[in-house]
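The sequence and the structure come first, and the description follows.

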Amino acid sequence: MTRYQKRIVSKKELKTLCGIPYSPAHIARLEAVGQFPKRIRLGQNRDAWLLSEVEAWIDERLAQRAADTNSF
């Protein structure tokens with residue numbers, strides 16, 4: 001894997017990618033219980049997430065939705 005394939009996304013980009021209205025507390029709660037990828041500290045007041053992990057999280061939600069739909 002090359003360095004450029006490891007893209008990070010900002011808090012602001014999470015809203016676009018995940019459809020989650022950005023709420024620092026909500027994201028932190030999901031991270032704390034292992035239901036969202038852990039953030040990467042870029043600086044004292046700057047966080048980001050690895051795009052591939054966020055995309056995998058979205059894929060897991062889609063798979064769960066499909067499994068839930070098939071169980072009816």
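Accessible areas come from the Shrake-Rupley method with a 1.4 Å probe, and for residues only the protein chains shown count as cover.

The model is predicted: local features need pLDDT of at least 70 and side-chain atom pairs count only at pLDDT 80 or more, while totals for chains, interfaces and linings use all residues. Residues are numbered from 1 along each chain as its sequence is written, and side-chain values use heavy atoms, with hydrogens and water left out.

## Overall fold

The secondary structure comprises 3 helices and 3 strands, arranged along the sequence in the pattern β-α-α-β-β-α. Helices (H or I, at least four residues) and strands (E, at least two) are DSSP runs, numbered from the N terminus. Of the 72 residues, 24% count as buried; buried means under 20% relative accessible area, exposed over 50%, and partly exposed in between (1.4 Å probe, protein chains only). Among contacts between residues at least 6 apart in sequence, 40% join residues at least 24 apart, where contact means heavy atoms within 4.5 Å.

## The sheet and its helices

The 3 strands form an open sheet in the order β1-β3-β2, with antiparallel pairing. The edge strands, β1 (8–10) and β2, each pair on one side only. From one strand to the next, the twist averages 40 degrees. Two strands pair if DSSP finds at least two bridges between them. Strand β3 (residues 46–50) is joined to β2 over 3 bridges in the antiparallel sense, and β1 pairs with β3 in the antiparallel sense, also over 3 bridges. A hairpin of 2 residues connects β2 to β3.

Individual bridge partners can be named. A48 in β3 is the bridge partner of I40, and A48 is likewise the bridge partner of S10. G43 stands opposite R46 in β3.

Helix α1 (residues 11–18) packs on the sheet and touches β1 and β3; its direction makes about 100 degrees with that of β1. Helix α3 (residues 51–70) also packs on the sheet, touching β1 and β3, and its direction makes about 60 degrees with that of β3. Axes are lines fitted to C-alpha atoms, for helices over the stretch in contact, and angles run from 0 to 180 degrees between N-to-C directions. Strand β3 is mostly covered, with 4 of its 5 residues buried.

## Charged side chains

Side chains of opposite charge can pair when their charged atoms come close. A salt bridge is a side-chain nitrogen of Lys or Arg within 4 Å of a carboxyl oxygen of Asp or Glu, and by this rule the count comes to 6 salt bridges. The table lists some of them.

| Salt bridge | N to O distance |
|---|---|
| K11 and D47 | 3.8 Å |
| R41 and D47 | 2.5 Å |
| E60 and R61 | 3.6 Å |

Which residues are linked in a network of salt bridges? The network holds K11, E31, R39, R41 and D47.

D47 belongs to strand β3 and counts as buried because its relative accessible area is 6%. Beyond its neighbours within four places in sequence, D47 is in contact with S10, K11, R39, I40, R41 and L42. The C-alpha atoms of D47 and S10 are 6.7 Å apart, although the two residues are 37 places apart in sequence.

The salt bridge of K11 with D47 has its N and O atoms at 3.8 Å. K11 lies in helix α1 and D47 in strand β3, so this pair ties together parts that are 36 residues apart in sequence. K11 counts as partly exposed because its relative accessibility is 25%, whereas R41, at 56%, counts as exposed.

E31 is located in helix α2 (residues 24–32) and, at 5% relative accessibility, counts as buried. Leaving out residues up to four places away in sequence, E31 touches F36, P37, K38, R39 and W49.

## A nonpolar surface patch

I40 lies in strand β2 (residues 40–43) and counts as partly exposed because its relative accessibility is 32%. Together with I8 and L42, I40 forms a nonpolar patch on the surface, with about 220 Å² of accessible area in total. Patches are made of residues with over 30% relative accessible area and no salt bridge: like charges are joined within 9 Å, and nonpolar side chains (Val, Leu, Ile, Met, Phe, Trp, Tyr) within 5 Å.
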